[in-house]
Number of protein chains: 2
Amino acid sequence: MDVDIGNALGTTPGVTTGVLDRLDDRVADAHETITDGMANDAFGYAALNLPETADPDAIRSAVDRYDDPEAVLTVGIGGSALGAATLANALDSEVDAYFLDNVDPDQARRLLAELPLSETVVNVVSNSGTTAETLANFLVVREAMDRADVDWTDRTFVTTGGEGNLRRLAEKHDLPALDVPAGVPGRFSVLSTVGLAVAALQGHDVEAILRGGADGRENLSGSLYDSPAYAYGAVSYALARRGATTNAMMPYAESLETFAEWFAQLWAESLGKDGVGQTPVRALGATDQHSQLQLYRAGPREKLVTLLRPRERADVSIPETDLEGLSYLGGSSLGELLDAEFEATEASLAAAERPNVRIEIDRVDERSLGELLYGMEAACVLYGELDGVETFTQPAVEWGKKAARGLLGGGEFEEAEAVSDKRELVVSGGR
Amino acid sequence: MDVDIGNALGTTPGVTTGVLDRLDDRVADAHETITDGMANDAFGYAALNLPETADPDAIRSAVDRYDDPEAVLTVGIGGSALGAATLANALDSEVDAYFLDNVDPDQARRLLAELPLSETVVNVVSNSGTTAETLANFLVVREAMDRADVDWTDRTFVTTGGEGNLRRLAEKHDLPALDVPAGVPGRFSVLSTVGLAVAALQGHDVEAILRGGADGRENLSGSLYDSPAYAYGAVSYALARRGATTNAMMPYAESLETFAEWFAQLWAESLGKDGVGQTPVRALGATDQHSQLQLYRAGPREKLVTLLRPRERADVSIPETDLEGLSYLGGSSLGELLDAEFEATEASLAAAERPNVRIEIDRVDERSLGELLYGMEAACVLYGELDGVETFTQPAVEWGKKAARGLLGGGEFEEAEAVSDKRELVVSGGR
């Protein structure tokens with residue numbers, strides 16, 4: 001993975017080499033904190049050890065019993081789904097991967113109508129084992145399997161922590177159970193059982209993913225000039241402090257669209273606290289040039305645009321044509337067109353003095369994905385150190401969970417009462 | 001459509017009733033400009049007349065010749081695809097809708113492998129008739145149909161303006177051609193041939209969509225207190241001026257996920273200019289509560305959160321269970337859980353004094369969608385009037401288009417030369 005921060009110099013907002021040099025001293029300190037945390041397997045930092053501590057054999061022994069499934073359905077939400085979905089949507093496989101990651105009756109109904117339940121493996125994922133959305137969905141899926149005369153205990157495994165409803169379910173019904181590693185928050189768990197079980201079921205090279213992560217780990221160092229992950233984290237932080245409160249993550253590859261979702265969770269939930277943080281915006285090149293680029297180039301100067309692309313891709317030629325005005329496309333390829341658009345967008349932003357960063361990976365394969373995912377996690381941890389926030393917690397999520405639980409009659413919570421205090425000013429369309 | 005702006009009062013940033021009352025005078029003036037524009041079918045404003053001017057019969061007569069297709073493939077990008085995709089992904093149909101809306105070789109290859117080409121109708125959409133991405137994709141699709149021994153001229157229709165390559169193609173091969181109405185920018189074209197042809201092919205009630213749009217049109221008035229669309233546009237504008245430079249559009253319905261994409265284009269491309277605008281953030285409830293909510297509640301105070309839901313949905317019961325700790329869910333439903341999460345999130349943001357607006361539609365059906373889409377367009381036009389921008393143009397997109405075209409050898413453009421001037425500061429992962 002290469003990170004090119006040249007287009008963050010001299011832009012507005014922007015950095016200078018002087019800013020970067022001074023920041024680099026703080027990067028050295030932060031790196032010490034990070035390596036200490038890693039050495040102690042401290043909460044959160046433990047995630048950065050996963051390339052070494054994850055156990056591909058344990059993952060495979062849990063999933064190898066499922067002989068040639070047609071599909072795998074992951075029931076999970078947030079960090080329990082996004083890592084696996086990122087890998088699944090990036091890499092081709094004969095085994096289809098589905099995700100039930102909301103509590104939308106429409107989504108559940110459509111999915112259950114589509115899935116070949118007797119040929120589907122179900123993976124229920126919740127670290128706490130108590131996530132209401134995930135367990136409610138699981139109850140719906142289990143009933144559908146019962147109705148379809150499929151023995152759900154034969155087709156279901158769980159990925160969970162040491163306690164909770166899900167662990168008890170696995171024990172009661174003797175289900176295969178993968179352990180969520182201790183000290184790894186959901187949004188940092190892609191390189192663990194949480195992200196890799198589905199990849200193994202889909203026949204992807206789990207060792208290569210971890211090898212990519214290990215490459216990323218080796219590239220961490222005490223200077224942003226030597227570590228692409230830190231270069232990205234440090235520049236993002238410095239730009240945010242100078243007004244770039246949003247960060248548009250714009251991969252130029254459809255297969256990396258879910259990666260942008262994964263990044264958005266990582267960035268938002270880790271760094272958005274105490275009134276600081278950087279709002280991640282999920283974008284997609286080249287499509288969003290026809291949607292978002294006007295804003296990125298000419299809107300408020302509160303934005304970093306991160307342009308991500310693979311250096312190699314299997315290409316598709318554009319046929320020659322006799323259509324007037326299109327002859328310049330014939331003989332070219334979709335990939336060349338996409339690369340031209342990438343470079344044009346980058347130059348267009350630079351010409352308007354809008355900061356942008358280029359990230360390149362070799363290609364969309366297991367190893368490069370492992371390196372990319374690890375690199376973004378390390379970038380995020382560094383950013384959190386520089387900004388002095390608690391990167392690995394998510395305290396603001398709890399309030400809403402309690403309110404929802406109270407509303408559903410799952411206990412007495414004062415938060416639920418606030419819902420009825422809502423201030424209304426309704427403008428109605430009537431009819 | 002109802003818009004509840006109560007939770008934008010007294011928040012930070014926020015408005016007061018005094019602010020709204022003063023703003024309402026400007027809304028009256030803006031409404032006069034808008035109605036004048038509509039009366040003259042002026043550029044852009046003409047889009048707000050589409051509920052009356054669109055011709056469902058012309059659309060149906062173009063597409064009715066395709067007898068019982070399995071699928072429809074739209075080749076288009078930006079506004080030429082997003083409106084149709086919004087309707088297609090919101091409404092169930094026996095006819096599958098696909099979109100080739102990027103120039104990614106991966107996407108093209110996967111799609112062409114999946115599509116039953118002999119049973120697919122291809123809809124090529126470009127207002128100018130010259131969009132490079134769309135025409136390159138079309139050439140690839142046409143070649144695939146040739147190879148599959150499918151007569152592409154039998155299965156292809158175009159939606160385009162009066163001139164350009166696409167119009168000439170239609171004339172040369174006697175293809176059915178739908179006209180893009182004059183004066184309607186792509187991002188405002190969902191209620192025209194551009195958005196409705198696919199809906200007609202999928203068997204949706206096109207008249208009902210337009211009736212919903214007409215409902216929205218009737219609800220426009222000289223006061224934000226009487227018009228839900230203007231209430232939304234005015235409050236978004238007032239909040240943006242007070243620091244809410246981002247707007248997270250968060251539907252609580254999977255079927256409206258693409259609507260958030262459509263909204264993002266409308267908002268970004270119309271309002272993001274002259275250094276102002278509001279960055280649209282695409283979110284999804286309840287999933288993003290486990291991803292973005294931490295940031296929305298505790299990050300920088302630069303955000304409006306728009307919570308959107310249907311009041312009615314076909315529900316799915318959650319089965320009773322003997323699992324300890326989950327008994328509170330049994331007997332409830334996924335829809336009830338989703339609504340509880342919606343209200344909990346809304347209250348959670350309000351308790352943290354973060355502005356949020358609630359939009360409710362009756363249900364996800366043709367009429368309500370028409371009203372919602374029209375309402376957001378009118379909100380956007382009003383916002384543009386209040387902010388004094390050229391809502392209907394997108395000048396900043398042109399630069400990049402020229403650069404890309406120059407890079408591909410499609411002519412001499414000085415913009416292309418800027419690409420080679422790129423300032424580099426590469427931190428490499430090596431290996």
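Which strands of chain B does helix H15 (residues 366-387) of chain B lie across? Helix H15(B) lies across S7, S9 and S10 of chain B, running at about 145 degrees to S10(B). Angles run from 0 to 180 degrees between N-to-C directions, and axes are lines fitted to C-alpha atoms, for helices over the stretch in contact. Helices (H or I, at least four residues) and strands (E, at least two) are DSSP runs, numbered from the N terminus.

This is a predicted model, where local features need pLDDT of at least 70, side-chain atom pairs count only at pLDDT 80 or more, and totals for chains, interfaces and linings use all residues. Residues are numbered from 1 along each chain as its sequence is written, chains are lettered from A and ligands numbered from 1 in the order in which they are written, and side-chain values use heavy atoms, with hydrogens and water left out.

**The sheet**

Let's look at the strands. The open sheet has six strands in the order S11(A)-S1(B)-S10(B)-S9(B)-S7(B)-S8(B), and its pairing is mixed; two strands pair if DSSP finds at least two bridges between them. S11 (426-428) of chain A and S8 (279-282) of chain B are at the edges with a single partner strand each, so one side of each has no neighbour in the sheet. On average, neighbouring strands are turned by 20 degrees against each other, direction ignored. Inside the sheet, S9 (residues 303-310) and S10 (residues 356-361) of chain B pair in the parallel sense over six bridges, and Pro310(B) stands opposite Ile361(B) in S10(B). Helix H12 (residues 257-271) of chain B also packs on the sheet, touching S7 (246-251), S8 and S9 of chain B. Here contact means heavy atoms within 4.5 Å.

| Pair | Axes come within | Crossing angle |
|---|---|---|
| H11(A) (residues 228-241) and H15(A) (residues 366-387) | 7 Å | roughly 40 degrees |
| H1(B) (residues 17-39) and H15(B) | 9 Å | roughly 110 degrees |

The angle makes H11(A) oblique to H15(A), while H1(B) and H15(B) are roughly perpendicular to each other. Angles under 35 degrees count as roughly parallel, over 145 as roughly antiparallel, 65 to 115 as roughly perpendicular and the rest as oblique.

In chain B, residues of H1(B) including Leu23(B), Val27(B) and Ile34(B) meet residues of H15(B), among them Tyr374(B) and Leu382(B). The residues of this contact divide into nine nonpolar, one polar and two charged. Ala, Val, Leu, Ile, Met, Phe, Trp, Tyr, Cys and Pro count as nonpolar, Asp, Glu, Lys and Arg as charged, and the others, Gly among them, as polar.
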